[in-house]
Amino acid sequence: MKAGRSLSRDFGEVQNLQVSLKGPGDYVSQADRKAEEIIHAELSRARPGYAFLMEERGAIPGEDDQHRWIVDPLDGTTNFLHGIPIFSISIALERQGQLVAGVIYNPAMDELYTAERGGGAFLNDRRLRVSGRTKLTDAVVGTGVPHLGRGHHGNFLVELRNVMGEVSGIRRLGSVALDLAYVAAGRMDGFWEPGLSPWDLAAGILIIREAGGFCTDMNGGQEIFDTGSIVAGNEAIHRALLKTLKKPLAPRV
Ligand code: IPD
Ligand code: CA
Ligand code: CA
């Protein structure tokens, strides 16, 4: 929450900086690093000796190598930079390689998504369940659209062409942690994106699974961190989305 307050304060300032000549770029990276510093200090105090994998600082070994925090201190950096209030903090705990706890916090909407392995998933104090929709034609699906400096534009256009012809809507929020949290909350029925890092994904994977959803890599396997890709949804939507994503390019209409 402390990091959330810090990001909220900085977000307010970023909105003012939009008009400044220099722009808020450096300011945002400071906000990012400050949030990570707060999170590292608080978690080290709460669980001394645990290892870390943090987006800005990388891997930090710990005496207790059975436990590892996986942290994205600010997910949705571009939104934050542009004053768009869709960003989050994502923290997961791994025990002997298994995700056992996950937290995603959206300070702009004061929404706290949490899950513990075997304990269910929650949004603030409300229990979460993935959407009940079973047909892609009824589904709203999220994804990440590559941009300048990001690869796989060609593959994405094939995936998009196939998926857009089969769903009710496609959304690109700009914070994959919140995309995954929205799937867990049933706000979106499915999600896919390649090119991601463990800190983008870890908390959202556990929260979706504890909300009754399915997460695999884009080959349908469990190598999500190694492939950097994810397909998520309830059992029917996850299966249908995987099948659609594997199709060769749909004929031009
Ligand atoms: C990014 C966001 C975005 C996703 C990118 C991520 P960042 O994280 O989650 O939605 O499409 O692949 O890198 O850079 O804002 O922490
Ligand atoms: Ca980040
Ligand atoms: Ca991220």
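Colleague: How many aromatic pairs does the structure hold?
Modeller: This is a predicted model, and the structure holds 5 aromatic pairs.

Colleague: What makes the pair of Phe 11 and Phe 80 tilted?
Modeller: The ring centres of Phe 11 and Phe 80 lie 5.3 Å apart, and centres within 6.5 Å make a pair. Their planes stand at 50 degrees; stacked needs under 30 degrees and edge-to-face over 60, so the pair is tilted.

Colleague: Which parts of the chain does that pair link?
Modeller: Phe 11 is in helix α1 (residues 2–17) and Phe 80 in helix α3 (residues 77–81), 69 residues apart.

Colleague: Why are Phe 11 and Phe 80 called buried?
Modeller: Buried means under 20% relative accessible area. Phe 11 has 8%, so Phe 11 is buried. Phe 80 has 0%, so Phe 80 counts as buried too.

Colleague: What makes Phe 11 and Phe 87 a tilted pair?
Modeller: Their centres are 4.8 Å apart, within the 6.5 Å limit. The planes are at 45 degrees, so this pair is tilted. Phe 87 lies in the loop between α3 and β4 (88–95), so the pair ties together parts 76 residues apart in sequence.

Colleague: Is Phe 87 buried or exposed, and how do you know?
Modeller: The relative accessible area of Phe 87 is 0%, and the cut-off is under 20%, so Phe 87 is buried. Phe 11, Phe 80 and Phe 87 form one aromatic cluster.

Colleague: How do you know that Arg 187 lies over the face of Tyr 182?
Modeller: Arg 187 is at 4.8 Å from the ring centre of Tyr 182; the distance limit is 6 Å, with a further condition of within 35 degrees of the ring normal. Arg 187 is listed as lying over the face of Tyr 182.

Definitions and conventions
Residues numbered from 1 in each chain as written. Chains lettered and ligands numbered in written order. Predicted model: local features only at pLDDT ≥ 70, side-chain atom pairs only at ≥ 80, totals over all residues. Heavy atoms only, no water. Phe/Tyr/Trp six-rings, centres within 6.5 Å; stacked < 30°, edge-to-face > 60°. Helix = DSSP H or I, 4+ residues; strand = E, 2+ residues; numbered from the N terminus. Buried < 20%, exposed > 50% of the residue type's maximum accessible area, 1.4 Å probe, protein only.
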